[in-house]
Amino acid sequence: MPGCAPPISLSPSLARFFFAVKDARVLGQMSEPVKSLPSPTSSGGQPAGSDTYKGWLYKWTNYLKGYQRRWFVLSNGLLSYYRTQAEMAHTCRGTITLATAHIEVGDTCHLVLTSGGRNYHLKATSDGESQRWVSALQQAKANTTHMMHQSDDSGDEAPVPQPDRALTQGALKTLASKLDDLSTCNELIGKHGTALQRSLSELEDLRTATDGTDKLKTVNERATLFRITSNAMINACRDFLDVAETHSRRWQRALQYEREQRHHLEETIEQLAKQHNSLERAWREAPSTHPASSQGPLLTREGDASDENEDTEFFDAMEDSPAFITVTATDHTQHRSVRDAGSDNMQLRRVRRSRIPDKPNYSLNLWSIMKNCIGKELSKIPMPVNFNEPLSMLQRLTEDLEYSDLLDRAARCESSLEQMCLVAAFSVSSYSTTIHRTAKPFNPLLGETYELDRLDDFGYRSICEQVSHHPPAAAHHVTSQRGWTLWQEITIDSKFRGKYISVMPLGCIHLQFHSSGNHYVWGKVTSTVHNIIVGKLWIDQSGDIEIVNHRTKDTCHLKFVPYSYFSRDLPRKVTGVVADSEGTAHHILSGTWDEKMESAKIVESSRGCGGSEGKQKTVYQTLQPKLLWKKYPLPENAENMHFFSSLALTLNEPEEGVAPTDSRLRPDQRLMEAGLWDEANAHKQRLEERQRLERRKREAQATQALEEDFEGFQPLWFERRTDDSTGDSTYVYRGGYWESKDRQDWSQCPDIF
């Protein structure tokens, strides 16, 4: 091997390459060029312009579920993902800001995005799909600065002039071009470096001088290619750094300004949201105190008012629209009025509490509890209050009256079909408070009661009593001065399915209107709490409700659609049809059990085609839908107060003169509300053990009195009767509670606490 390399003699192709290297883009015209990135396309998605990219990717969730398929949307420098394409209209599962994200490409179609200290592990279905996503993400990250308002060199916060925008766009295009040059040179360096190493290895293995000369010439050519490519990459790097340094100062000022503007906007929006929530809550809870002269004359016709509320703004008024679904200020404020509605003088009423102590952050190990319960009966396992909320099941039943104004409006309806629509909306509204309420209420003790006297503000009185413990059953009775009476007996049956618990309320709810005598009966759907062992708890409602008017035989069939990962339906969807006694449909109901319900009057129906199993679908033509019910916003700081509604916050508020068996006096529940969970657990175990002793005493008495007519436990305020309309045996209110309260005579009440 010579001591020095011979003079370089370039082949024609190498000479052409040497001159073409001045422009790094020409390097891409070699025999194995770096392919330019294709325009974004995606399996299952579609390109929507240069700034939007949609498609399916697999996202790592947890070790239990692994990678889950998600619909990703890349737009305006933000990467958002959803469970389905239908969720784009209402629920975004997460958003990644690419401006501050780091994009890392892994092996076998994997890529990792790091943003805000969190890693997002994504996986495509193929290498080509992964490369297209990486290209789109990198391009979107580079284009995020296009959306920034830039400040001038003096640092003023004025909008960026048009020449500066053009200059910035030109700089970005230059940087993108230099990045392409760097990418091309990088691949060429890798290619030629590998070839050079291979040639050197072959040169070392040669034994004859003749073969060595030819191989040495090849090595020199490849070394020259490697050197030229390296020089081109160094020059491209230098150009890239020069352009970046030239514009970095301006971009840093613009970025800082945008951050400050965004922070200011977020603070403003948060403040406006708090003010809106406070105003809306105050408007709901306070009766109208303005005299007629200050707001103009009020219309006396039902459904009319001087001003429209926020609900009516979303629907076009129609001449033939029924009055019962017109949501007016009169309807909303009437159920907030004082007891003497006919008096011109406003009476002061009690101001209810609007908050409770914040929920403490106690950690709980489920396995440590279960391992100590091995061999015990399930009914005798002492579950800690960590799984509870500071309300009893009796209070949860009473919470169904959150939207009692729907029944007040229904009592004023002349049409039974229109009345049925409001009754159906009321049956759905009782589930709206459960969307975030995954904790279980306290199991009432046998003989425990709960009263709610709201004659002054809502016009009704409610009394509940626990009438059975095995199985747990509660009876409830409500009388309203506004023309209706409601009663129910609910027995709770639950089944543990491993990953979820299904709670099935058994029993019927009865509602009777005083003026018309319409008697409605319906049941409840199944509530399911998911992710009991691992994951975040969430609740779903599913099943059918059949509401029957036993006087007119009108019916309403409601369907609570269960959540499905693969369904395109709106989550928590509820649909229904109101029909007369002959089965003719008159109204279509639609909405969600956690937000609102609407009704649309049917004007024409026809038989369609395309049904499953050869069945024809019925097509209804309806009028404009009208709002029946809309959920009230949660109070401020509700997430730290067990997600209680405004009514739920007042249910456990201390009251004077209640029965000694009232749930408000239960010590473990009161201690839990105060945040003293350790003390609450001690009292809870004491009460449960005392209840077991009382049950064993009753069982012993029953055994001794087998030959006699031993009735066992008898409720104090309810008795079992046969309903005349349905023929079912149920617990109904026997009377006497409110009279005993007026006399403050509780001598017949047992000492259960």
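Predicted model: local features only at pLDDT ≥ 70, side-chain atom pairs only at ≥ 80, totals over all residues.
Residues are numbered from 1 along each chain as its sequence is written, and side-chain values use heavy atoms, with hydrogens and water left out.

**View 1. A seven-stranded open sheet with antiparallel pairing.** The strands run in the order S4-S3-S2-S1-S7-S6-S5 (strands are DSSP runs of E, at least two residues, and helices are runs of H or I, at least four, numbered from the N terminus; two strands pair if DSSP finds at least two bridges between them). S4 (94-97) and S5 (102-105) sit at the edges with a single partner strand each, so one side of each has no neighbour in the sheet. From one strand to the next, the twist averages 35° (axes are lines fitted to C-alpha atoms, for helices over the stretch in contact, and angles run from 0 to 180 degrees between N-to-C directions).

**View 2. S1 against S2, with helix H2 packed on the sheet.** S1 (residues 52-62) and S2 (residues 66-75) pair in the antiparallel sense over ten bridges. Look for threonine 52 opposite serine 75 in S2. H2 (residues 127-143) touches S1, S2, S3 (78-82), S5 and S6 (110-115) (contact means heavy atoms within 4.5 Å), and its direction makes about 110° with that of S1.

**View 3. Aspartate 408 and arginine 482 in a salt bridge.** Their closest N and O atoms are 3.2 Å apart (a salt bridge is a side-chain nitrogen of Lys or Arg within 4 Å of a carboxyl oxygen of Asp or Glu). Aspartate 408 lies in H9 (residues 405-411) and arginine 482 in the loop between S12 (472-480) and S13 (484-496), so the pair ties together parts 74 residues apart in sequence. Aspartate 408 is buried at 4%.

**View 4. Glutamate 655 meets arginine 352.** This salt bridge is 2.7 Å, N to O. It links distant parts of the chain: glutamate 655 is in the loop between H11 (646-651) and H12 (667-673), and arginine 352 in the loop between H6 (329-334) and H7 (366-370), 303 residues apart. Glutamate 655 is partly exposed at 24%, as is arginine 352 at 21%.

Notes. Buried < 20%, exposed > 50% of the residue type's maximum accessible area, 1.4 Å probe, protein only.
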